[in-house]
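Dear colleague,

I am passing on to you the structure shown below, and after it I set out what was found. Please read the notes alongside the structure itself.

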Amino acid sequence: MELVIAAAIGILTTSGVWLILRSRTYQLIIGLALLSYAVNLFIFSMGRLRVNAPPVLDGSAPVDVAAYTDPIPQALVLTAIVISFATTALFLVVLIVSRGLTGSDHVDGREG
Amino acid sequence: MWHSGLLPVIVALPFAGAVLAALLSSNARNAEAWLAGTVAASALAITIAAFPYISSGGVISHEIEWVPALGLSIKFRMDGFAWLFSILITGIGLLVVIYARYYMSPKDPVARFYAFFLAFMGAMQGLVLSGNLILLAVFWELTSIFSFLLIGYWHHSQAARDGARMALTITGTGGLCLLLGMVLIGNMAGSYDLDVVLASGDIIRNHDLYLPALLLVLVGALTKSAQFPFHFWLPNAMAAPTPVSAYLHSATMVKAGVFLLTRFWPVLSGTPEWFTLVGLAGLSTLLLGAYFAIFQQDLKGLLAYSTISHLGLITALLSFGSPLAAVAAIFHMVNHATFKASLFMAAGIIDHEAGTRDMRKLSGLFSAMPITATLAMVASAAMAGVPLLNGFLSKEMFFAEAIEEHQRSLLDGAAPYVATIAGAFAVTYSVRFIHTVFFGPKPTDLPKEPHEPPSWMRRPIELLVIVCLVVGVIPALSIGPLLHAAVVSILGDRTPEYSLSIWHGFNIPLLMSFIALTAGAVLYWLLRNYLRTCEEGPPYFRRLKGQRIFERILVTVSWRWARALETVLATRKLQPQLRLLVAAAVLAGVWAMWGASDLLPSLTAHGLDPVLGVLWAIGCFSAIAAAYQARFHRLAALILLSATGLVTCMSFVWLSAPDLAVTQLLVEIVTTVLILLGLRWLPKRDESTAPKVDQATRMRGHRDFALAVAAGVGAAMLAYFTMLTPRPSSVGDFYLDRAYSEGGGTNVVNVILVDFRGFDTMGEIVVLAIVALTVFALLRRFRPAEDSALLPYQQREQEEYDSVRDDRVEDETLRDYLLVPSIIMRWMFPVTVLLAAYLFIRGHDLPGGGFAAGITMAIGFLLQYLAGGTRWVEDRLRILPIRWIGAGLILAALTGMGSFLFGYPFLTSYFQYTELPFVGKMPTASALLFDLGVFSLVVGATVLMLIAIAHQSLRIRSRVAKGGTEGGQN
C-alpha cells in the first residue's frame with residue numbers, strides 16, 4: 001500500500017515538474033494541478049496510511065485515540081485543496097488576460 | 001502633581017490634529033491655522049504645567065506595554081532636558097503656525113501643509129519624549145519621513161523634489177544606522193529602557209561593541225544635524241516653504257541630532273574615540289559652515305550654512321566631554337533655535353514682500369520695512385555673538401571651553417584658533433546679511449514693490465527677538481531655571497558650578513570675542529565688493545559640491561551596479577527561473593538526506609493492495625498522458641487530469657479520509673468547468689503546423705526531464721520511508737480526545753477547521769475572497785487576442801446551417817443544442833440545493849461542512865448557467881456573488897467576535913444539541929454559524945469567478961454579432 005502511494009506521488013511529481021518547466025501557459029496550469037495532487041498526497045501520507053479508521057468519533061467517552069487515523073494532515077490537506085483551487089483559478093485568469101494583452105500564450109508573454 | 005498619562009497625550013495630540021487637518025477643505029486657511037494653533041498651544045500649555053515637578057528634578061514616565069517579551073514598550077519619559085525640547089517644539093511650532101497663516105499663498109493646498117506640519121510636530125515630540133530606544137528610533141524615522149514630505153511640499157518644483165529626496169536618503173540612512181546602534185546599546189545595557197541605559201554608561205564604554213555602536217549612533221546623529229561630511233542636504237532642503245525651514249532647520253529636525261548626542265552624552269562621551277570623532281566633525285563643520293555661509297547669494301542659503309556651522313559648534317562642545325561644555329551646548333541649542341527661527345522668518349518676509357532672496361538684487365530695504373529690518377538686525381547680532389544678546393553668552397562659554405585642555409591632541413590644540421576664526425566668519429556673514437539687504441542704494445529691479453508685511457506675520461519674530469534680548473540681558477532670571485533643570489537631568493551629580501552672567505571680567509574668552517568681532521567686520525569690509533557680484537558658493541570649493549558627489553554615488557549604486565548585477569544574475573525569462581528553483585529544491589533535499597541512511601526504518605510494508613494498485617496504475621498513466629498531451633491536445637489533457645484527480649479522490653476514501661474525498665470531488669468539478677471556460681481564449685495549436693524542434697530545444701527537454709525525474713524520485717523516496725516509520729505522537733491525538741467533549745462534534749476534521757483552528761480557516765476564506773475579487777477585477781478590462789475574438793468554430797457552423805435553411809431561423813440550432821441534458825440540469829437545481837443543505841448540517845458530525853456545501857451550492861448555480869446560458873439565468877435569477885462574499889466574511893468575523901462578549905478570546909465556540917422538528921437532534925455549536933459564513937463566502941467566491949469568466953463570451957458575442965442573441969454554450 002505504501003509503495004503504491006509513494007510511487008504515485010513520485011510519478012505525479014515528475015509529470016507536474018516536467019510540465020511547469022514547459023513554455024506554454026496551459027501546460028503550466030495542468031502541471032500545477034498535478035503537482036498539487038502530489039503535494040496533497042504527500043502531506044496526507046505524513047499521517048501514515050490507515051484503512052477503515054476515519055476520524056469520525058462515535059460519541060462515546062473516553063475516546064480511544066489509537067482507533068482513529070491522525071486528523072491533522074487531513075485538516076491541512078483540506079486547506080491545501082481549497083487554496084490550490086484558488087491559485088488554479090487565479091492562474092487561469094492571469095493566463096487568459098496575459099494572452100489577451102500579449103497575443104501569445106508563451107509563459108514570458110512573447111515567443112522565443 | 002502632573003498626571004503621567006498626559007505624556008502620551010502631548011505626543012498623540014499633534015498626530016490627531018494632523019488627521020483632522022487632512023480632512024478639512026484644502027483652502028480652509030483660517031480653520032487650518034486655528035486647528036494647528038490650538039493643537040500646538042494646548043500641547044505647550046500642558047508641557048508648561050509640568051514645570052514645577054520637572055524643575056525639582058523629577059522625571060515623569062508613562063509606560064504602555066507593547067511587546068514585553070522583546071523588551072519593547074511604548075514608554076514616554078520627561079525629564080528637564082526633554083521638557084526643554086518639548087517647549088521648543090511646541091512653542092516655536094505655535095509661532096510658525098501663526099507665521100505660516102500669512103506666508104502661505106491662497107493657491108497653496110494648506111490642508112496638506114498643516115497635516116504634515118502637525119504630524120512632524122508629533123514625531124518630534126515622540127522623539128524627545130521616548131523612554132525606549134526602539135521607540136526613539138521609530139520616531140526618528142518618522143521625523144525623516146515627514147520632513148521629506150514637508151520639504152517636497154511644492155512638489156511641482158524640481159528643486160523641492162530633489163531636495164526632499166536627498167534629505168530623506170541621507171537622514172533615512174542615518175536613521176537605519178541609528179536603529180542598529182540602538183539595538184547594540186540595548187544589548188550591552190541588557191534593556192531598551194532609557195533609564196536603564198543611562199545608568200549603565202560604564203558597562204557600555206568598556207564593552208567590545210562600544211566602538212561599532214558609537215559609530216552607528218554618530219552616523220545617525222551627524223546626518224540628522226547636517227554635520228560635515230553629511231552637511232550638503234541642508235542647503236538643498238531650502239527649497240521648502242520658509243515656515244518649514246524656520247521650524248525644521250532651526251529649532252527641531254536638525255536639533256534632533258544634537259539632542260541625541262546630548263541624551264546619550266552620559267553614556268557614550270568621555271572616551272578618546274568620542275572626542276576624536278565628534279570633535280573632528282564638530283570643529284570642521286563649525287569652520288567650513290561659517291566659511292561657506294559668507295559666500296552664499298541666497299538669503300536662505302546663508303542661513304542654512306550658518307545653521308550647519310552653529311550645529312557644528314554644539315557638536316564640538318559635546319565632544320569635549322566636560323560637564324561645563326555640556327551646559328554650554330544645551331544653552332546654545334536654545335539660543336540658536338530662537339535667533340535662527342526669527343531670522344528664517346525674516347528671510348521669508350523679505351522673499352514674500354520683495355519677490356526674491358538673491359542678495360545681488362536686494363539692497364536698501366530699510367526704508368521700505370524698518371520694523372522687520374530692526375528685528376532682523378537684532379537677531380543677526382545674536383547670531384554674530386554681540387554682547388547683551390543670548391548668542392553672546394553661549395559663544396563666550398564655548399570660547400572658554402575651547403581654551404581648556406580636554407584630551408591632549410592636535411585637535412584639542414587647534415580648537416581655540418578654529419573657534420576664533422569661525423567666530424570671525426560668523427560676524428562677517430551676519431554683517432553681510434544686514435548690510436546687503438537693508439542698506440546701500442535703493443533696489444532697482446525687484447519683482448515686487450517691498451513694504452512691511454501684515455503685522456501678525458511679524459509677531460512671531462518680535463516675540464523671539466524679545467526672548468533673545470531678555471535672555472541676553474538677564475540670563476539667570478529668565479532662562480536660568482529652565483536650563484538648570486535640563487542640565488541636571490543630563491549631568492546628574494556631575495552638574496558643575498556655572499554662572500550665567502554677562503560679565504566675567506577681562507579674560508581670554510572676552511579677548512577672543514573682541515578679536516572675532518573686529519576681524520569679522522574687517523573681513524566683510526575687504527570682501528564687500530567681491531561679494532556683491534560673485535557667483536554662488538565659496539571660492540576654490542565652488543566646484544567641489546557634496547550634492548554632485550552624492551548624486552553620482554546614487555546613480556552608480558542604484559542604477560549602474562544594479563543593472564550590471566541584473567544582467568549577470570537575473571533573467572526575465574520564467575523557465576530558467578523555475579528550473580533553478582526546482583534544481584535548488586532537489587539539491588536541498590539531497591543535502592538534507594545525505595548520509596541519513598541510519599535513519600532508515602526497519603518496518604516492513606503492508607502487502608500490496610491490488611485494488612489500490614490498479615487504481616493508481618490508471619491514475620499514473622493518466623498523469624503521464626496528461627503531461628504528454630498538454631501541448632497540443634488541451635481537452636484530452638484536461639480529461640486525463642480529471643482522471644488522476646478522481647483516483648486521488650478514491651484513495652482518500654480508501655484511506656480513511658472521507659472529508660477530503662468529498663471536498664476533492666467537488667473542487668474537481670469546479671476546476672474542470674473553470675478550465676473548460678478558459679480553453680476558449682487560448683490560441684489554436686496544431687501538431688501538423690508546429691515548427692520543427694531544433695537541437696537546443698530537444699536538449700532542454702532532456703534536461704528538464706532529468707530534473708523532473710529527480711524531483712519525482714526524491715519525493716517518492718521521502719514519502720515511502722516516512723510512511724514506514726511509526727508515527728510519533730502528534731497533536732492529532734489531543735484533537736481526537738477533545739473534539740467531542742470540547743468542540744461538540746464527532747467529525748474531528750471539521751471540528752479542527754471551524755473550532756480548534758478556526759483562525760486558520762478565517763485566513764483561508766479571506767484568501768479565497770481576495771482571489772475571487774482579483775479574478776473579477778482582472779477580467780473587467782479584458783480584451784481577447786484577435787484570433788479568439790471570433791465566435792467559436794462550432795457556433796459559426798450552426799449559425800451558417802440556420803441561415804442557409806429556409807425552415808430555420810438564425811440561432812435555432814444553438815438554442816436547441818443539448819436540449820435534453822439542459823432540461824435535466826434545470827430540474828437538478830432543487831436537488832443540488834438540498835444536497836448542499838444536507839452536507840452543511842451534518843458537517844459537524846459527519847463528512848461535509850461549510851466548504852463542501854458551499855461548493856455544492858455553487859455547482860448548483862453553475863449547472864443553471866451551463867444549461868440555460870448566461871442570459872437565460874440572469875433574466876430569472878439574480879445572484880449577487882459579492883454580497884454573498886461580504887455577508888460570509890462579516891458573519892464569520894462576527895461569530896468569532898461574539899466570544900468577546902463572554903470574555904473569551906476570538907473564535908472561542910460554544911455548543912449544545914437542539915431538537916429540530918423532522919430533522920432530529922442537531923449539533924448547534926456557535927461554530928455552526930462560523931461555518932455558515934464559510935459556506936456563504938465559498939458560494940460567492942466560486943460563483944463570482946465562474947461568472948466573471950463566463951461573461952467574457954457574452955461580451956465578445958454582443959460585440960461580434962450586434963443585436964444580442966441569446967444563450968449558447970459558454
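**Cavities, a helix pair and confidence**

Helix 29 of chain B gives the largest share of the lining of the second largest cavity, namely six residues. Please keep in mind throughout that this is a predicted model.

That second largest cavity has a volume of about 160 Å³, and among the 16 residues that line it, Ser36(A), Tyr37(A), Val667(B), Glu668(B) and Thr671(B) are the closest to its centre. At least two lining residues each come from helix 2 (25–45) and helix 3 of chain A, and likewise from helix 28 (634–654) and helix 29 of chain B. Sorted by class, the lining of this second largest cavity consists of eight nonpolar, seven polar and one charged residues.

The largest cavity holds about 190 Å³ of space, and the count of cavities of 30 Å³ or more comes to nine. As a general point, rolling a probe the size of a water molecule over the atoms shows where empty space is left. Around the largest cavity there are 20 lining residues, of which Leu78(A), Leu753(B), Thr761(B), Phe851(B) and Val934(B) lie nearest its centre. Helix 3 (71–102) of chain A supplies at least two residues of this lining, as does each of helix 29 (658–679), helix 32 (748–756), helix 33 (758–780), helix 37 (850–868) and helix 40 (926–960) of chain B. The classes in the lining of the largest cavity are 10 nonpolar, seven polar and three charged residues.

Helix 29 of chain B also packs against another helix, and the axes of helix 29 and helix 37 of chain B come within 9 Å and cross at roughly 30°, in a crossing that is left-handed. On the side of helix 29 of chain B the contact is made by Val662(B), Thr663(B), Leu666(B), Val667(B), Ile669(B), Val670(B) and Val673(B), while helix 37 of chain B brings Phe851(B), Ala852(B), Ile855(B), Thr856(B), Ile859(B) and Leu862(B). This contact has 11 nonpolar and two polar residues, with no charged residues.

Two details of the backbone deserve a look, given that most residues other than glycine have a negative phi, and most peptide bonds are trans. In chain B, Phe228(B) and Pro229(B) are joined by a cis peptide bond with omega about 5°, and Pro229(B) is placed in the loop between helix 10 (210–224) and helix 11 (233–236) of chain B. In chain A, Asn52(A), which is not a glycine, has a positive phi near 55°, and Asn52(A) is found in the loop between helix 2 and helix 3 of chain A.

As to confidence, the model scores ipTM 0.95 and pTM 0.68. Chain A has a mean pLDDT of 87, with 98% of its residues at 70 or more, and within chain A the mean is lowest in helix 3, at 89, and highest in helix 2, at 93. Chain B has a mean pLDDT of 86, with 94% of its residues reaching 70 or more. Over residues 963–970 of chain B, however, pLDDT stays under 50, and for this stretch the model has 23 contacts beyond four places in sequence. Where pLDDT is low, the predicted coordinates should not be read in detail.

With kind regards

Technical notes. Residues are numbered from 1 along each chain as its sequence is written. Chains are lettered from A and ligands numbered from 1 in the order in which they are written. This is a predicted model: local features need pLDDT of at least 70, side-chain atom pairs count only at pLDDT 80 or more; totals for chains, interfaces and linings use all residues. Side-chain values use heavy atoms; hydrogens and water are left out. On a 1 Å grid over the protein atoms alone, a cavity is a set of points where a 1.4 Å probe fits but cannot get out, and a pocket is an open set with protein on both sides within 12 Å along at least five of seven lines; lining residues have an atom within 4 Å of a point. Grid points are joined across faces, edges and corners, and a volume is the space filled by probe spheres set on the points. Helices (H or I, at least four residues) and strands (E, at least two) are DSSP runs, numbered from the N terminus. Ala, Val, Leu, Ile, Met, Phe, Trp, Tyr, Cys and Pro count as nonpolar, Asp, Glu, Lys and Arg as charged, and the others, Gly among them, as polar. pLDDT is the predictor's confidence in each residue, from 0 to 100. Axes are lines fitted to C-alpha atoms, for helices over the stretch in contact, and angles run from 0 to 180 degrees between N-to-C directions. A crossing is left-handed if the near helix is turned anticlockwise from the far one by less than a right angle, and right-handed if clockwise. Contact means heavy atoms within 4.5 Å.
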